[in-house]
Amino acid sequence: MHAHQTAYLVTHLYSIYEDEYYTVLDADNDLTVANPAGLYADREQAEAAVRQLTRQALRGAGASDLLLDEEQSGLFAELEALVDEPLASVLATKAGDALPQTLTDEQADQIIGVLNLTLFGILEAPLTAAELMQAQAELAQTPERPFAAPAFDERGEMEPPLLDDPAAARLNRITRLFGRDYATDVGL
């Protein structure tokens, strides 16, 4: 008998663009697809990865890069007035709506808090040590994310994407361990 441990898959959240703003589709991680960003044996490591990935996404990003909803877009437009003075001074030097590449982790965290920004989610599943090691190795071998979007049947039900690309097939093996199919887009 192989002992199982809880593994944590960090995933990109999916959003759709509607009427000038984005809506996060899987804020509760309830879709049948996933786009992996990392795989961890420890919840704290997964949460740290989410923080670091969100900081990275924030640096140099503009409002359209961050897939903001209506409330967040309003906050982004007023960001300089909503942060402390040192960060407001840094933001005053930005070009257009792009945030500075030089944001410190603390500055990025302040902006994330003001915007209530969530770009990544965490899925959990029991895996054996061998499954976890194999999945981590496959994820490390696949830094690129080949495009894959699910199809919809005549009733509008989501069907798994066709994955004839070897890299997409590797990623699908990982996401299947968490009960999902691999997809970079939800195809809406």
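Predicted model: local features only at pLDDT ≥ 70, side-chain atom pairs only at ≥ 80, totals over all residues.
Partly exposed here means a relative accessible area between the under 20% that counts as buried and the over 50% that counts as exposed.

**A pair within helix 1**

- Arg 43 and Glu 47 form a salt bridge, and their closest N and O atoms are 3.0 Å apart.
- Both residues belong to helix 1, which covers residues 43-58, and they sit 4 residues apart, about one turn of the helix.
- Glu 47 is partly exposed because its relative accessibility is 32%, and Arg 43 is also partly exposed, with a relative accessible area of 32%.

**A pair between helix 1 and helix 5**

- Asp 105 and Arg 55 meet through their side chains in a salt bridge, at 3.5 Å from N to O.
- This pair joins distant parts of the chain: Arg 55 is in helix 1 and Asp 105 is in helix 5 (residues 105-115), 50 residues apart.
- Arg 55 has a relative accessible area of 11%, so it counts as buried, whereas Asp 105, at 28%, is partly exposed.

**A network of salt bridges**

- Arg 55 and Asp 105 also belong to a network of salt bridges, in which they are linked with Arg 59 and Asp 109.

**A pair between helix 6 and helix 7**

- The side chains of Glu 138 and Arg 173 come together in a salt bridge, with an N to O distance of 3.1 Å.
- Here too, distant parts of the chain are linked: Glu 138 lies in helix 6 (residues 129-140) and Arg 173 in helix 7 (residues 166-176), 35 residues apart.
- Glu 138 is buried because its relative accessibility is 10%, while Arg 173, at 42%, counts as partly exposed.

- Leaving aside residues up to four places away in sequence, Gln 107 touches Leu 87, Val 90 and Thr 102.

**A general point to keep in mind**

- Side chains of opposite charge can pair when their charged atoms come close.

Terms used
Residues numbered from 1 in each chain as written. Heavy atoms only, no water. Salt bridge = Lys/Arg side-chain N within 4 Å of Asp/Glu carboxyl O. Helix = DSSP H or I, 4+ residues; strand = E, 2+ residues; numbered from the N terminus. Buried < 20%, exposed > 50% of the residue type's maximum accessible area, 1.4 Å probe, protein only. Contact = heavy atoms within 4.5 Å.
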